[in-house]
Amino acid sequence: MIDIQYSSEVQAAKSEGRAIVALESTIITHGMPYPQNVEVAAQVEQDIRKAGAVPATMAVIEGVLHVGLEPDQLQALGQAKGVAKISRADMPACIATGGTGATTVAATMIAARLAGISVFATGGIGGVHKGAETTFDISADLMELAQTPVTVVAAGAKAILDLPKTLEVLETQGVPVIAYGQDSFPAFWSAQSDLKAPLRMDDPAQIARAHATRQAMGLPGGQLVANPIPADAQIAAEDLAPVIAQAQSEADAQGIAGKDVTPFLLSRIFELTDGRSLTANIALVRNNARLAAKIAQELNKLTR
Amino acid sequence: MIDIQYSSEVQAAKSEGRAIVALESTIITHGMPYPQNVEVAAQVEQDIRKAGAVPATMAVIEGVLHVGLEPDQLQALGQAKGVAKISRADMPACIATGGTGATTVAATMIAARLAGISVFATGGIGGVHKGAETTFDISADLMELAQTPVTVVAAGAKAILDLPKTLEVLETQGVPVIAYGQDSFPAFWSAQSDLKAPLRMDDPAQIARAHATRQAMGLPGGQLVANPIPADAQIAAEDLAPVIAQAQSEADAQGIAGKDVTPFLLSRIFELTDGRSLTANIALVRNNARLAAKIAQELNKLTR
Amino acid sequence: MIDIQYSSEVQAAKSEGRAIVALESTIITHGMPYPQNVEVAAQVEQDIRKAGAVPATMAVIEGVLHVGLEPDQLQALGQAKGVAKISRADMPACIATGGTGATTVAATMIAARLAGISVFATGGIGGVHKGAETTFDISADLMELAQTPVTVVAAGAKAILDLPKTLEVLETQGVPVIAYGQDSFPAFWSAQSDLKAPLRMDDPAQIARAHATRQAMGLPGGQLVANPIPADAQIAAEDLAPVIAQAQSEADAQGIAGKDVTPFLLSRIFELTDGRSLTANIALVRNNARLAAKIAQELNKLTR
Ligand SMILES: [Mn+2]
Ligand SMILES: [Mn+2]
Ligand SMILES: [Mn+2]
């Protein structure tokens with residue numbers, strides 16, 4: 001086992017057996033500028049506390065895995081330059097070389113497993129990129145969901161991805177995809193999509209039982225809870241579709257490729273929606289944090 | 001560990017250390033109309049008994065995993081409406097929510113592992129769907145074979161699938177594909193195909209030894225035994241190819257897509273062959289059951 | 001656990017706790033004609049000894065896994081006809097049926113794990129074949145790297161493969177790809193490619209620490225160390241590209257497909273480079289053996 005540095009709050013929650021919700025840190029280092037990133041991160045942590053659980057923001061800082069960040073650590077991470085985005089492939093190397101890295105969905109799931117945390121709230125998972133039939137560009141998040149026992153609450157996968165192919169890969173890999181409170185698979189900034197979710201649950205206790213049953217059956221993976229963005233914060237799919245299409249065609253025209261595509265698209269969508277995409281993103285993360293806190297508490301009841 | 005309800009016959013076989021063969025239940029709920037489905041299921045169970053082993057038909061009934069069905073449970077399942085088809089992704093949710101589900105190949109393998117059963121007979125496994133290079137539609141059965149230690153006896157993969165791509169995925173995932181008694185990979189309703197099978201074995205004891213060696217090496221997956229349909233029951237590949245092609249082109253013309261394609265194709269092939277496809281299907285399942293019973297007994301000798 | 005036959009040298013190294021480097025055997029049976037194959041294999045073993053570690057060439061001989069070959073066994077294997085190339089899918093069957101097989105990268109990793117060996121030197125790993133977007137032809141080596149805890153030192157993947165797609169699959173599967181001493185991903189016969197490697201390390205001790213950290217985190221897979229061919233032995237990428245393109249277009253014109261493509265391409269590249277491709281191949285394998293010996297010794301220091 002590697003060394004883990006727990007925040008004082010998470011350490012106390014662990015010894016008291018309280019419900020804990022994992023949070024990722026790329027939203028801090030790569031999602032928004034300072035100081036908004038730190039303000040939003042602190043707000044999401046506070047949402048989890050208000051909903052009755054304890055937040056554990058994950059990061060690797062100078063080679064040490066941190067589970068829960070003290071306020072000064074969050075401030076420092078929010079202002080740090082050139083922090084790596086780490087996933088399954090590079091997380092051990094980052095730790096071994098004393099590096100600092102913000103955790104993606106895959107790396108946060110790994111950190112949560114190491115810390116004994118079963119529920120994780122994020123914005124959207126990675127998935128199959130548009131054009132993956134020729135590029136083979138598929139996020140490691142999907143394989144992580146197949147093998148690491150963490151329930152991930154997200155507003156679906158980012159709508160700039162190929163959502164039908166993302167659902168197919170999740171099915172092939174045996175990952176439960178549970179829409180919360182509706183039948184369709186949500187599309188990040190939009191509550192609805194044309195895609196039917198494979199499973200639907202309306203109750204955090206039910207989601208917790210499904211998680212516990214999966215573990216009791218010896219199945220190694222987690223669950224994706226696809227939680228639609230609140231109606232008052234969403235950008236309707238029909239409004240967003242032409243925006244995504246325009247951003248994508250600009251990327252194609254300018255020859256943007258590989259790892260540069262996602263940041264380019266997100267930045268253009270921000271501009272083309274006059275910032276509404278970011279407001280929506282913050283609203284959906286907070287909404288996911290609240291649901292994750294409820295699931296974590298239900299799971300805590302089952303496993304204590 | 002979850003609760004398992006064993007049939008009295010399977011319970012006795014377990015305590016006596018007798019050979020057991022797992023059977024799936026989607027053939028009952030989604031393969032044929034009542035009462036033919038129950039008659040065929042009972043006949044296949046009887047084939048296994050005659051061949052010296054004990055059948056264990058798998059199903060989730062009102063949230064409880066059943067390993068082996070009593071005759072009245074088989075009758076009830078055969079007449080039930082709206083039973084879910086469950087795979088790795090939704091099996092724990094079905095159990096956690098008290099649902100009823102028939103097990104696909106992947107779910108039957110999981111059930112067999114939980115019950116300590118190593119051999120499973122079915123008709124054909126799922127595989128790579130035609131057009132998967134653009135749809136990414138690949139059955140979870142292939143990944144299950146890579147990770148769950150069960151030898152699956154099938155007449156290959158259904159010939160409406162993309163068989164060359166199915167073999168490629170199995171190779172990539174490290175799954176042994178063993179043609180029984182011939183060199184070519186069988187094509188479900190047809191004994192032969194143009195594809196060479198990666199491995200050939202002519203003897204159930206050899207297949208059992210390969211299974212045991214795999215476990216002894218700590219490799220997590222199973223084996224696919226591709227057992228050709230008996231010659232007198234087969235539809236020759238050259239007769240079937242135009243039928244499959246016609247059914248496929250009708251599906252395309254009518255815009256049938258996604259999960260609706262397989263039932264549509266199977267139904268049209270049934271009609272276009274005047275029912276011979278179903279007769280062949282029953283013959284091959286029974287043939288697989290008999291071979292599975294022999295393999296299970298050989299494996300039993302090795303591991304007792 | 002299966003029976004393993006250790007060579008006297010490897011047996012001694014194990015009891016003394018010395019560093020051991022695994023070697024594959026398909027280079028002996030399928031890489032070069034006799035006696036050059038045996039001479040090169042002996043030379044590579046000697047390179048490892050000079051660099052301070054002990055070589056363990058893997059092979060299955062008459063159903064027994066050999067970890068380290070005695071000189072007469074190496075001679076016999078080098079002259080044997082019709083030896084199988086075994087990978088994850090067929091290795092247990094080869095052992096169970098008393099067969100003889102040379103180990104690919106995947107099978108060598110499995111053998112190394114069984115023998116408690118953590119570092120392995122080879123020429124190049126398998127990867128995504130050109131045209132895999134329609135053939136789905138992807139080497140099992142990539143999945144092995146995702147699940148078996150062995151650090152593989154190779155000169156990248158063979159340049160006749162689709163290298164960008166190979167890197168994508170490795171990223172999706174969470175495999176660390178570490179270029180040694182440079183930023184770009186090496187291209188087998190050429191030290192440089194246009195592709196940036198995901199990670200770079202300049203020090204065997206660092207690579208060993210990353211390996212050990214991966215294990216300490218409970219992540220199941222290994223690492224790919226992409227070690228560029230020595231400058232004086234390489235064929236520059238711009239010289240090689242037209243050669244590969246010509247060989248590929250000849251293969252297409254002659255309808256060479258499936259498993260016949262790689263041997264055809266390697267043979268034509270050998271002819272078109274007047275044998276320089278083989279000289280380069282030998283130089284890079286020896287270079288990888290020396291680096292693997294250093295990594296194995298560093299890892300030994302960490303884990304003793
Ligand atoms: Mn990617
Ligand atoms: Mn599917
Ligand atoms: Mn291949």
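What is the volume of the largest cavity? About 550 Å³; the points below place that cavity in the predicted model.

1. Basis of the note. This is a predicted model, in which local features need pLDDT of at least 70, side-chain atom pairs count only at pLDDT 80 or more, and totals for chains, interfaces and linings use all residues. Residues are numbered from 1 along each chain as its sequence is written, chains are lettered from A and ligands numbered from 1 in the order in which they are written, and side-chain values use heavy atoms, with hydrogens and water left out.

2. Interface. Only 8% of the interface residues of chain C are also interface residues in chain A, so the copies meet through different surfaces. A contact here means heavy atoms within 4.5 Å.

3. Cavities. The count comes to 4 cavities of 30 Å³ or more. A cavity is a set of points, on a 1 Å grid over the protein atoms alone, where a 1.4 Å probe fits but cannot get out; lining residues have an atom within 4 Å of a point. Grid points are joined across faces, edges and corners, and a volume is the space filled by probe spheres set on the points.

4. Lining of the largest cavity. The lining has 23 residues, and those nearest the centre are A:Phe136, A:Ile138, B:Phe136, B:Ile138 and C:Ile138. By class, 14 are nonpolar, 6 polar and 3 charged. Nonpolar covers Ala, Val, Leu, Ile, Met, Phe, Trp, Tyr, Cys and Pro; charged covers Asp, Glu, Lys and Arg; the others, Gly among them, are polar. At least two lining residues each come from helix 7 (132-135) and helix 9 (163-172) of chain A, helix 9 (163-172) of chain B, and helix 7 (132-135) and helix 9 (163-172) of chain C.

5. Chain A as a whole. Chain A has 13 helices and 11 strands; these are DSSP runs numbered from the N terminus, helices being H or I with at least four residues and strands E with at least two. The radius of gyration of chain A is 18 Å, close to the 19 Å that the globule rule gives for 304 residues, so chain A is as compact as a globular protein of that length. That radius is taken over C-alpha atoms, and the rule is 2.2 Å times the number of residues to the power 0.38. Of the 304 residues, 61% count as buried, meaning under 20% relative accessible area, whereas exposed means over 50% and partly exposed in between (1.4 Å probe, protein chains only).

6. Backbone points to check. A cis peptide bond with omega of about 5° joins A:Tyr34 and A:Pro35, and A:Pro35 sits in the loop between helix 2 (26-31) and helix 3 (36-50) of chain A. B:Glu62, not a glycine, has a positive phi of about 45° and is exposed at 62% relative accessibility. B:Phe188 also has a positive phi, about 65°, without being a glycine, but B:Phe188 is buried, with a relative accessible area of 1%.

Technical notes. On a 1 Å grid over the protein atoms alone, a cavity is a set of points where a 1.4 Å probe fits but cannot get out, and a pocket is an open set with protein on both sides within 12 Å along at least five of seven lines; lining residues have an atom within 4 Å of a point.
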